[in-house]
Structures are given as structure tokens and as C-alpha cells.
Amino acid sequence: MQRIRLRYTKRGRLRFTSHRDFQRAFERALRRAEVPMAYSAGFTPHPKVSYANAAPTGTGSEAEYLEIALTSARDPEQLRTLLDASLPAGLDVVDAVEARTSGLADRLTASEWELRLDGVDPAEAGRAVDAFNEAPAVEVQRRTKNGVRTCDARSAVVRLESVQPHGSPADRPSDQPCAILRLVVRHVTPAVRPDDVLSGLRAVADLAPPVPVAVTRLAQGLLDEETGTVTDPLALDREAVATAPQTAAATAAATAPA
């Protein structure tokens, strides 16, 4: 059985699809692409697909991950192309690698997010970011199925900064000010989400964007503690694939008769 790990995106209007909606669309894509899927046992077999830490509904993402199990070997890049063509635009399969290591979910320890605050002056956003970073703790309330819960939105944040908006003012949908924030947050329990950080900015600096904030996950993977950056979780698999032929050749040479 071969395992393939895929990175896919949620762009544009497709950011409003729920995780269950994506599951249904992806299973249809598997059938259209005639992927030789492995199935679970039992009365209601399901294709063996493992999803890892999906982004919340309404947020965009450039770094969602899943793993599929196949009954026969396929070239990862060809498989990626077939699946990408079978999914609607916005749900794009952008990377594929054969799984040669274990524990993909264990490598998703942090995320980098971009928060677009339309109608907010960048200087005002910068002052709010400074107040948030200087606070030892920022308690916010979140409504859950078990009632209202209080959590510290500051403790999981590795980096929060205000950056320059992309492109020129002529490229923007309006001439209103726009602030862009970059956020790196650890995956902890309970999870600290971008919404919690926005609530924290409101609590410490009264920052309240006039329109809903556009949130996009830019990266997801292992956290580099020295640099505060999020690294590629598929890098270990790529290295294993690249070194496997060399290892096999070296083994053959070592065992060949003199």
C-alpha cells in the first residue's frame, strides 16, 4: 500500500466551504480521477483519507494537508495533476509527495496567518500590535458548545506584526486604508485562533475593524524556535524520497560479490 501526502488550498469564495463540504468534494475527485484508493473494512467501507488540522470555515488557506492510501503505486505529481483538475477552482492541490516517514500530524505544530483589516489605518494597527505584544497575558472569551470559556490569547502567539499591504493603492478594491497583520501561533490546547487574537487586539487597544477581517493561513508545519518561522512539514518526506535510491544503490554495492 502506497501513501501520498497532499497540500491543498482554499481560495476565494471556496474559503466558505466547511471541512465536511471539502471531504465530499475530495471523495468525488478521487472517483473522477480513478485513484486506486484503499478502503476501510466493515459494512460501510470508506476511502482511507486522513485529514490534519483543517482551517475553520470562512478562512482561506494556502497550507492544508491530508494523506491518502493507495492499493497500487502512482506517481505523486501525476496524481496531483489529476486530482487538481477534478476539483473546483479554489480548492487546488498544489503539492504531493510519497509518505516515507510517520507522524504528519505531529509536524503541524504552528501556523502562520495573514489578517487583512480593511478600513483600518496601518499606524493604528501597529499601535494595537505593540500593546498586544507587550501584554503578559490577554484574556478573551470564546463561546463554545459548553458555554462561554476564557482563554489567554497571548501565550500561544510566537510573532505578531504589522506589514505593508501588497501592491499599490490602485490594486486595492477601494481607496480606504488597509492594515495587514502577520501572525505565527503555536497549536496548543485549547487552540488559539486568529479570531481570538483579534478579540485580544480589541481588548488591549480597542481595535475594531469596520468590516469582517479576511483571514488566510499562509503556512502550517513545524515551528523553528530560533527564527519564529513555520517550516515545510513535507520536507522530511522529500528528503527520504531523494535519498532512498542512493541508499538502495549503496546497499547493493555493499552486498555484491567481490
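**Exercise 1. How are helix 3 and helix 4 oriented relative to each other?**

The model is predicted: local features need pLDDT of at least 70, side-chain atom pairs count only at pLDDT 80 or more, and totals for chains, interfaces and linings use all residues. Residues are numbered from 1 along each chain as its sequence is written, and side-chain values use heavy atoms, with hydrogens and water left out.

*Step 1.* Locate the elements. Helices (H or I, at least four residues) and strands (E, at least two) are DSSP runs numbered from the N terminus. Helix 3 covers residues 122-134 and helix 4 covers residues 194-205.

*Step 2.* Take the axes, which are lines fitted to C-alpha atoms, for helices over the stretch in contact, with angles from 0 to 180 degrees between N-to-C directions. The two axes come within 9 Å and cross at roughly 95°.

*Step 3.* Classify the angle. Under 35 degrees counts as roughly parallel, over 145 as roughly antiparallel, 65 to 115 as roughly perpendicular and the rest as oblique. Helix 3 and helix 4 are therefore roughly perpendicular to each other.

*Step 4.* List the contact residues, where contact means heavy atoms within 4.5 Å. Helix 3 contributes Ala128, Val129, Ala131 and Phe132, which meet Val197, Gly200, Leu201, Val204 and Ala205 of helix 4. By class, this contact has 8 nonpolar residues, 1 polar and no charged ones. Here Ala, Val, Leu, Ile, Met, Phe, Trp, Tyr, Cys and Pro count as nonpolar, Asp, Glu, Lys and Arg as charged, and the others, Gly among them, as polar.

**Exercise 2. Which residues have the most contacts inside the largest nonpolar core, and which elements supply at least two residues of this core?**

*Step 1.* A nonpolar core is a set of buried Ala, Val, Leu, Ile, Met, Phe, Trp, Tyr and Cys residues joined through side-chain atoms within 4.5 Å. Buried means under 20% relative accessible area, exposed over 50%, and partly exposed in between (1.4 Å probe, protein chains only).

*Step 2.* Read off the core. The largest one has 27 residues, and Leu115, Leu160, Leu181, Leu183 and Leu201 have the most contacts inside it. Strand 5 (110-118), helix 3, strand 8 (157-163), strand 9 (178-186) and helix 4 each supply at least two of its residues. A second, separate core has 22 residues, including Leu30, Ile68, Leu87 and Ala96.

*Step 3.* Leu183 is found in strand 9 and is buried, with a relative accessible area of 0%. Among the residues that Leu183 touches are Trp113, Leu115, Leu160 and Val197.

*Step 4.* In soluble globular proteins, nonpolar side chains tend to be buried together.

**Exercise 3. How many aromatic pairs does the structure hold, and which residues form one aromatic cluster?**

*Step 1.* Apply the criterion. Rings of Phe, Tyr and Trp (its six-membered ring) pair if their centres lie within 6.5 Å; planes under 30 degrees apart count as stacked, over 60 as edge-to-face and the rest as tilted. The structure holds 3 aromatic pairs.

*Step 2.* Phe22 and Phe26 have ring centres 5.7 Å apart and planes at 20°, so this pair is stacked. Both residues lie in helix 1 (residues 19-32), 4 residues apart, about one turn of the helix. Phe22 counts as buried at 3% relative accessibility, and Phe26 counts as buried at 1%.

*Step 3.* Phe22 also pairs with Tyr51, edge-to-face, at 6.2 Å centre to centre and 85° between the planes. Phe22 lies in helix 1 and Tyr51 in strand 2 (residues 49-52), so this pair ties together parts that are 29 residues apart in sequence. Tyr51 is partly exposed, with a relative accessible area of 22%.

*Step 4.* Tyr8, Phe22, Phe26 and Tyr51 form one aromatic cluster.

**Exercise 4. Where do Pro190, Glu34 and Asp206 lie?**

*Step 1.* Recall the reference case. Most residues other than glycine have a negative phi, and most peptide bonds are trans.

*Step 2.* The peptide bond from Thr189 to Pro190 is cis, with omega near -5°. Pro190 lies in the loop between strand 9 and helix 4.

*Step 3.* Glu34 has a positive phi, near 55°. Glu34 lies in the loop between helix 1 and strand 2 and is exposed, with a relative accessible area of 68%.

*Step 4.* Asp206 has a positive phi of about 55°. Asp206 is found in the loop between helix 4 and strand 10 (214-221), and at 60% relative accessibility counts as exposed.

How values were computed
Lists of a residue's contacts leave out its neighbours within four places in sequence.
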